[in-house]
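Have your viewer ready, try each task yourself, and then compare with the worked solution.

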Amino acid sequence: MMKKALILGFILTLAISQPVFAQEEEVYKFPELKPEYSFKFGYRLTNIKGSHKAGKFEYLRNSITLGGEYIAFPFPHRIYLEVDVLNKKDYFGDIRYAYKDIVRSRWLRRTLYHNLDNITLVDLNTGTASPGITRNDADINYGVSVGIDTVFLRLKTPDFPFHFYIDSRFIHKKGSTQQIFLGGSGYFSRIIRVSEKRTVDWTTQDVTVGANSHLGPLEVDLSHSEKSFEVDGGRLMEYFYTPGTSGRAEGTYPHHLIPDTEGSTTTLKLHTSHTGRLFAGTTLSWADRENNTSGAKADYFVGAGTVTWMPLTRLTVFLKYRHRESEMNNPDTLPANYLGYPGYTVALTGIRDSISTKTDNLSWIIRYRVIPKVTLNLRYSYDQYERGKGQLQKWDPSAKEDTMQKNTINLTADAKPSKELKLKVAYEHQETDSPAHNTHPNRADKGSVSVTWNPDKRINAFFNHEITTEKRNDIHYVGPYNDQLDRNAIYKDSTQNYTINLTYVPTKRLDLQGGVNITNSRADFSPNLHAALYADDTTKAYTYDEASIASFSKLKIRETDYTLSGGYDLRHGWRAELSYRYSKFDDLIENPNNPEFKDSIAQLILLTFSKSWE
């Protein structure tokens, strides 16, 4: 009822606000502009050594490249077309059309190829004679093609700022990926690590319909979106499980189900005019999601507000607040013969409730221009994350806190000591109490410095260095029957990134570019094992070597990219361009327990010729 009332009120307000009389305007004669168009073609050479990590988002095949662009202004029409084909799995298309300010439309098509790892399994069950792994996909090269379509249409009423729009996105993924799971009995005894191929054929659709307008001192936007995720292939996998200590009957059971989901979101946005020293805005959003396979449902509410105040020309203060609630509901049981599998002879009960949450975020931002060439930005934010009362303890009985609190402070300084030089320094510190997930660190620090140097029109140089460190005081895992495993494990990770880019234009017809990007990453944790793993159906316990387990956590890699490119303007609108990229992925540990981390080198050369007409 609330949503219907909001929509009705919005429509009535728009009707009342329409102008009574339209003012006569002089007819403007648009100038005549000739269309511009270009065409390019070329060839792309690729070379890969080792794994595909150095070219993870590249279709590593030699290919012919094609492209073109067309721009025309037959006023009051505006037309823009662009096509860029790098290979059969990586291409780009952009079509735009506008009529005056009444119609605006765009169709954007983008595809890419994602190389996926085929991880080599390691037999951890060294205490038994039988092998602990089964590889059914040893020779498969995994990868997924991703296609993204964005379609936008906006219509405006003549002589009045009322807009109706449709904004939609369609994502299609097709290919194959590796699925690793536990076979054998699927439980503590006689576990076998299994690797199999999984087909990927997934489609995501997100369509938003909305309207906005200026209503006196306010600007209003009301929209509704429908979103769905559909699985056309690779929805469900199955495996024949042998008897084990779990008491489950022998037979074929489903695993790793990817369900179809759907949902909708209604959003209302209000904000005052951007003129003046004081600005305020608010956003209210209601959303629902449903798992069409299990029947699980989720409802969300998000409310956000912002106030911007500029008491002085050199001082601006931003205050932002955001509140989010999620209410999760899932079935308590699974019916007998679930998904058509006779192994489920009776209904399964005891399914734990999903955890509902409430999140509040409050942040202050102060921007102060100390002197004309130096600006400081200070930001402080406080986050509070509350989990459903009593729900968390059902998952982890040792958990005592239902609330996570996070404090973040960020300081940025921008300076321009001279006309040719720009400097930027930033630092951020974050502290988190009672993290909600193992992926949340207790402490995180991030610092960066960047320099831009532009001595004249021919030279432009950029340098950036960034450091990030994270630490978690207590990573732990809650096992079956709430056994406490691997408590008090300390986790650390750090990343350093260096970027250098240089552009040089020695002559009017020649331009050169070069760049280096180096990223060093390392991480590890120190496990403190408290639980024993049991062999077969006996009570004899054994533990894996702690040093061996710790070795799996160690990560030390370096990713390096070198790029060189240049273009030369030939005669009669012709242009030649040549680019070269050298990418290298280094595993600096070379750990035999992690064979999937292999060194990799990818080299790509692209030569193109283009012709432009006006």
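**Exercise 1.** Which residues lie nearest the centre of the second largest pocket, and how many residues line it?

*Solution.* Start with the ground rules: this is a predicted model, where local features need pLDDT of at least 70 and side-chain atom pairs count only at pLDDT 80 or more, while totals for chains, interfaces and linings use all residues. Residues are numbered from 1 along each chain as its sequence is written, and side-chain values use heavy atoms, with hydrogens and water left out.

Next, the term: on a 1 Å grid over the protein atoms alone, a pocket is an open set of points where a 1.4 Å probe fits, with protein on both sides within 12 Å along at least five of seven lines, and lining residues have an atom within 4 Å of a point. The second largest pocket has 23 lining residues, and those nearest its centre are His52, Leu116, Asn118, Asn141 and Tyr142.

**Exercise 2.** Sort the lining of the second largest pocket by residue class, and find the strand that gives the most to it.

*Solution.* Take Ala, Val, Leu, Ile, Met, Phe, Trp, Tyr, Cys and Pro as nonpolar, Asp, Glu, Lys and Arg as charged, and the others, Gly among them, as polar. The lining then splits into eight nonpolar, seven polar and eight charged residues. Strand β5, residues 103-116, contributes the most, with three residues.

**Exercise 3.** Inspect the backbone at Pro76, Lys100 and His572.

*Solution.* Begin with Pro76, in the loop between β2 (63-72) and β3 (77-87). The peptide bond joining Phe75 to Pro76 is cis, with omega about 10°.

Move on to Lys100, in the loop between β4 (90-99) and β5. Lys100 is not a glycine, yet its phi is positive, about 50°. Its relative accessible area is 39%, so Lys100 is partly exposed (buried is under 20%, exposed over 50%, partly exposed in between, with a 1.4 Å probe and protein chains only).

Finish with His572, in the loop between β27 (555-569) and β28 (574-587). His572 is also not a glycine and has a positive phi, about 60°. With 69% relative accessibility, His572 is exposed.

**Exercise 4.** Which charged side chains sit over the rings of Phe585 and Tyr59?

*Solution.* Apply the test: NZ of Lys or CZ of Arg must be within 6 Å of the ring centre and within 35 degrees of the ring normal. Lys53 lies over the face of Phe585, 5.5 Å from the ring centre. Over Tyr59 sits the charged end of Arg61, at 5.2 Å from the ring's centre.

Conventions: Helices (H or I, at least four residues) and strands (E, at least two) are DSSP runs, numbered from the N terminus.
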